[in-house]
Amino acid sequence: MTGVSQQGHSLFRIAMRSLLSSKATTTALALMAIVVLLTLAAPLLSPWDIDSTDWDNVATSPSIETAHYFGTDDVGRDIFVRTLYGGRISLLVGLSATMVSLVIGVFWGAIAGYAGGRTDQLMMRFVDVMYAMPFMFFVILLMVFFGRNIFLIFVAVGAVNWLDMARIVRGQTLSMKHREFVEAARAGGVSNLNIIRRHIIPNLLGVVIVYVTLTIPQVILVESFLSFLGLGVQEPMTSWGALVNDGAALMESAPWTLFFPALFLAATLFCFNFIGDGLRDALDPRDSAGES
Amino acid sequence: MLRFTVKRFFGAIPTLLVLMVLAFTLIRVAPGGPFDSEKQLSAEIQERLNAAYHLDEPLWQQFIRYLGNLLQGDFGPSFAYADYTVSELIATGFPVSLKLGSLAMLLAIIAGVAIGTMAALKQNTRTDYVVMTAAMTGVSVPTFVIAPLLVLVFAVTLQWFPAGGLGDWRNLVLPVIALALPQIAYIARLTRGSMIEVLRSDYIRTARAQGLTQIEILFHHALKPAILPVVSYLGPATAAIITGSVVVEQIFGVPGLGRFFVQGALNRDYTLVMGIVVFYGVLIICFNFFVDIAYRWLDPRVKL
Amino acid sequence: MTMPLLELKSLNVSFAGRDGITRAVKDLSYTLKTSETLGIVGESGSGKTQSVMSLMGLLPHNATVSGKAMLNGTDLLALSQSELNRVRGKDIAMVFQDPMTSLNPHLTVGAQMSLVARRHLGKSKRDALAECRLMLEAVRIPEVAKRMTQYPHELSGGMRQRVMIATALLCKPKLLIADEPTTALDVTVQAQILELMCELQTDFATAILLITHDMGVVAGTCDRVLVMSKGECVEENFVEPLFATPQHPYTRALLAAVPRLNEVNTELNQPTDTAQRLEARGLEVTYSVDSKRFLAAAHQLKALRGVDLNLIAGETLGVVGESGCGKSTLARAVLNLIPSSAGDVLLMGESLQKLTTKQLRAMRSDMQIIFQDPLASLNPRMTIADILCEPLDTYHPNLSRAEKLRRASIMIEKVGLSPEQLTRYPHEFSGGQCQRIGIARALMFEPKLIVCDEPVSALDVSVQAKVVQLLIELQKELNLSLVFIAHDLAVVRQISHRVMVMYLGKVVELADRDEIYSSPRHPYTRALISAVPIPDPKIQQSLGFAAISGDLPSPLHPPAGCAFCTRCPLAEPRCANEEPPLRAVGRSMVACHLAD
Ligand code: SF4
């Protein structure tokens with residue numbers, strides 16, 4: 001077991017070292033941490049509630065005095081609080097749907113890659129078929145037919161995004177299977193289970209982490225897209241996409257209602273993408289040749 | 001070539017079938033039948049309606065019928081637009097969407113490849129960083145944020161272009177840009193990455209050792225291999241542009257298929273929504289097929 | 001004394017990297033006369049390649065170059081980019097190591113060649129293509145018209161290198177730089193290419209700068225030799241005196257380390273026990289290769305077509321052959337890492353094919369394997385300690401961690417590393433060290449048999465010699481049986497008791513090591529031996545590179561009759577029909593109708 005923990009440690013260290021070695025990625029990490037902390041601490045930071053309406057301040061611009069730091073919307077709700085609560089939903093959906101796709105994708109890809117042969121062909125053919133589906137539309141249909149259920153969003157989005165993960169994991173497993181250290185382990189009588197556990201998974205980890213980081217923003221994007229169309233989360237809950245939709249309607253009279261949620265959404269997506277890119281440069285085995 | 005075409009054609013059949021089955025199943029399991037909204041109907045009328053719409057047949061027969069109609073381009077009647085069939089609606093909406101989408105795609109490819117190549121040639125310079133940060137922003141800012149912003153800046157504030165509707169080319173400018181921007185950003189990043197890899201390769205070193213100029217190397221040696229990843233991205237790009245058009249048509253008030261789709265979804269116009277999904281599904285499958293052929297044609301190492 | 005064609009004056013190349021500045025080439029000066037061949041020899045990291053890349057302006061951006069490189073009176077290092085572009089490809093041309101990656105896979109041969117002709121000779125497209133055709137004929141490529149429209153991947157390795165050479169000579173350059181031009185090729189093809197280069201040099205009166213690590217190649221082709229080590233020139237001399245009386249200790253060490261085909265300087269273990277350790281009978285392995293034709297059945301590629309072998313305790317069997325002969329497949333089939341389609345393998349009398357998965361797993365500790373790429377054979381995410389302890393985890397799970405580590409430290413010392421290095425990761429070691437770790441891992445099993453699949457071909461010569469010596473010593477100490485697979489005949493001769501030559505999945509000759517080298521009986525063995533460049537200019541230059549012509553036929557469709565009949569200089573009509581059996585001739589086993 002010591003082996004595994006050491007590997008995890010070293011992988012983590014490599015990633016952190018390379019992320020922190022660049023000012024840009026350090027900034028992105030810090031920015032993301034701030035966004036996450038803000039959304040968590042939302043109730044402590046403002047006297048307003050997510051759906052409390054302040055009839056004295058309808059569609060007012062940002063102000064410190066009224067404690068509407070980001071202003072209010074056309075029914076007097078506080079944009080600051082709504083943005084942070086909306087962020088909770090967006091981030092939550094992002095994380096959980098990514099986990100769904102991670103589990104399905106890794107499972108599917110690793111089995112196909114390690115089994116090889118006919119099983120592999122069949123499983124990947126299925127992925128190909130799924131790839132050609134206009135999935136976004138099906139997700140929208142699901143939302144329309146079965147109501148706007150947040151749980152359904154997790155499942156739907158996760159079910160769409162696992163395809164990429166499966167392809168990547170399968171490709172990696174396949175190439176790993178023929179690597180000489182795996183062959184050496186087979187020659188050394190190590191069982192299949194231990195080969196997967198000790199040799200394949202630790203070497204897959206880097207790639208998987210990278211794609212998880214890149215999947216989260218995609219999922220957030222899908223969720224906000226649905227919410228933007230009015231098919232995502234429902235009142236009184238909100239999310240960045242829903243807020244941007246509301247804001248777009250008011251953008252001529254109260255542009256701050258569009259600006260702040262959009263800023264938070266874009267900044268979060270930007271940070272995730274940026275960190276994902278940085279991690280890929282550090283961890284992706286294809287690029288590691290340039291390291292030495 | 002022919003062999004490949006035939007092979008891919010048969011390969012597309014299961015994909016299409018899955019698409020149809022999914023669509024059909026969704027229609028059938030969707031809560032509520034088509035006539036629920038109507039006033040309480042007598043059992044007799046209900047039965048007659050069911051018979052008229054073949055709802056009394058076994059499921060597999062209905063599916064075959066649905067398939068048969070689909071093959072003839074008949075998607076059934078629209079529920080919400082009483083006097084129209086879904087096919088008619090698609091026929092009105094699609095040309096508009098097609099114009100918008102293909103313009104956006106063209107713009108995305110040209111601008112994306114040009115920007116990406118430029119960044120790759122100036123790798124690790126200030127130009128590169130600025131361009132790539134912009135591209136990263138482009139990838140990160142969703143269409144539905146860009147579109148209102150464009151309206152705010154260019155239509156409301158500067159009043160350079162109209163905020164939407166149909167008309168001359170000026171009406172198209174903002175929607176096309178809004179639709180293309182994320183794709184430009186993505187294609188630029190893709191091109192930069194692959195171009196850098198190509199420029200590092202041994203055969204480019206050979207070309208440099210042969211005294212070919214930068215321009216000759218770029219156009220004769222590097223461009224073709226560098227745009228291969230862009231070509232294989234065209235399939236997903238089409239899907240993304242179609243999805244994006246849903247938002248863009250909504251925001252700019254363009255009466256295209258995307259707008260019909262959203263309206264249909266909100267009105268619970270099942271047949272319309274389903275029809276559009278199937279229509280786009282087939283379109284994407286066909287497009288992927290052409291992309292595959294183009295890829296194989298471009299890359300001599302892949303045998304047809 | 002006329003002006004030299006090329007004169008280098010104190011060339012310095014350094015790279016700015018993460019850990020400061022590395023000086024790759026230090027104060028290098030030399031001259032080269034018209035139509036002279038200068039060999040630059042050195043091991044990896046000696047700066048030999050960087051020194052010529054700087055002349056061509058092909059170094060990466062983080063490189064700094066100083067000094068002068070006068071070509072016919074102009075300083076190459078002072079030229080602007082566009083001036084340099086007029087010189088590169090016209091006055092100086094270059095041939096690179098790997099012809100597969102050095103040719104553009106997306107352009108036809110004709111397209112990429114004609115670009116050069118149009119650029120430098122100012123020809124129209126049509127004339128340029130005609131020029132290219134002539135040049136391809138000059139490098140003796142058959143069916144030129146067809147080749148012009150083919151892509152590089154459709155050509156064989158030797159053919160690709162000919163295309164590279166033809167492209168380089170298109171503008172009749174004054175100087176041709178060849179950077180390890182034959183390293184990626186098989187010996188028989190290498191011989192063909194070297195011979196071609198020597199001939200073309202006389203025809204075109206081109207000076208050649210030949211960069212190589214192979215002393216044998218130098219001995220046969222060069223007029224003068226420059227030996228580089230760690231960025232510096234340690235010795236420069238005409239080829240004969242350099243080989244006869246090397247002055248610098250590094251040159252002497254380098255020459256001493258080169259394994260020689262014509263002399264043996266190793267002392268092998270004397271096997272005492274004659275019990276059979278390993279036996280293979282009629283071993284066949286078939287891969288199915290996807291057909292490129294629509295709906296056609298998959299092709300059956302027979303990688304091994306009936307191989308017999310046997311090995312006693314403490315003995316080494318060398319297996320030689322060019323790429324595609326099935327030697328790596330043999331390594332894996334013997335260990336049952338890939339399924340064999342026919343035949344049987346017996347390890348100490350037990351048939352591996354008949355064992356259950358569980359029994360086979362138990363047997364695995366008796367038979368181990370060492371791989372070609374030392375770094376790739378070690379899991380990058382495991383420490384050396386974990387790598388060495390894994391065999392114990394599998395076979396002695398009850399041992400304490402401390403005991404396992406103790407055994408690992410003993411083993412790592414045995415292969416010449418220190419126990420402190422156990423906590424490190426594989427990428428922190430050099431290639432030679434990684435190979436030692438690979439050997440240590442194999443020994444942790446206390447095996448009876450080790451199959452070594454090209455264990456030293458990725459290593460520098462001096463490191464090669466040490467690893468081979470280590471294997472010989474370990475064999476003596478532990479009474480190991482070794483199957484030693486390599487394409488390098490000289491190395492095989494150093495370590496093997498008996499040598500087996502393979503061609504297209506078959507054994508063509510098997511004999512004691514001295515027997516096979518002193519009196520090879522199969523025409524292919526003879527061709528192989530004569531193709532190996534001998535690191536002695538007197539012998540090599542008198543011999544020339546006389547070798548067989550042509551390339552290896554596709555293993556998918558091996559010729560009927562004798563597999564070698566398409567390239568055999570002695571082939572008779574019956575060779576194409578009747579397959580020669582492996583039979584005893586003198587003290588050898590030979591598969592040739594004409595051997596006697
Ligand atoms: S059998 Fe014939 S073709 Fe084969 S090696 Fe002997 S002489 Fe040559």
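Modeller: H8(A) and H9(A) are oblique to each other, where angles under 35 degrees count as roughly parallel, over 145 as roughly antiparallel, 65 to 115 as roughly perpendicular and the rest as oblique. This is a predicted model, in which local features need pLDDT of at least 70, side-chain atom pairs count only at pLDDT 80 or more, and totals for chains, interfaces and linings use all residues. Residues are numbered from 1 along each chain as its sequence is written, chains are lettered from A and ligands numbered from 1 in written order, and side-chain values use heavy atoms, without hydrogens or water.

Helix H8 spans residues 192-228 of chain A and helix H9 residues 240-249 of chain A; their axes lie 7 Å apart at an angle of about 40°. The helices are DSSP runs (H or I, at least four residues; strands are E, at least two). The axes are lines fitted to C-alpha atoms over the stretch in contact, with angles from 0 to 180 degrees between N-to-C directions. H8(A) passes H9(A) in a right-handed crossing, that is, the near helix is turned clockwise from the far one by less than a right angle. H8(A) contributes A:Ser224, A:Ser227 and A:Phe228 to the contact (heavy atoms within 4.5 Å), while H9(A) contributes A:Gly241, A:Ala242, A:Val244 and A:Asn245. Of the residues in this contact, three are nonpolar, four polar and none charged; Ala, Val, Leu, Ile, Met, Phe, Trp, Tyr, Cys and Pro count as nonpolar, Asp, Glu, Lys and Arg as charged, and the others, Gly among them, as polar.

In chain B, the secondary structure comes to 11 helices and zero strands. Its C-alpha atoms fill a box of roughly 85 × 55 × 30 Å along the principal axes. Of its 304 residues, 47% are buried (under 20% relative accessible area; exposed is over 50%, partly exposed in between; 1.4 Å probe, protein chains only). Helix H8 of chain B, residues 202-209, has B:Tyr203, B:Ile204, B:Thr206, B:Ala207 and B:Ala209 as its buried residues. These pack against helix H7 (169-199) and helix H9 (214-252) of chain B, and also against elements of chain C, including helix H1 (48-56) and strand E6 (92-95). Just after H8(B), B:Gly211 takes a positive phi of about 80°.

In chain C, C:Gln421 sits in the loop between helix H15 (401-414) and helix H16 (431-444). With 13% relative accessibility, C:Gln421 counts as buried. Leaving aside residues up to four places away in sequence, C:Gln421 touches C:Ile384, C:Phe429 and C:Gln433.
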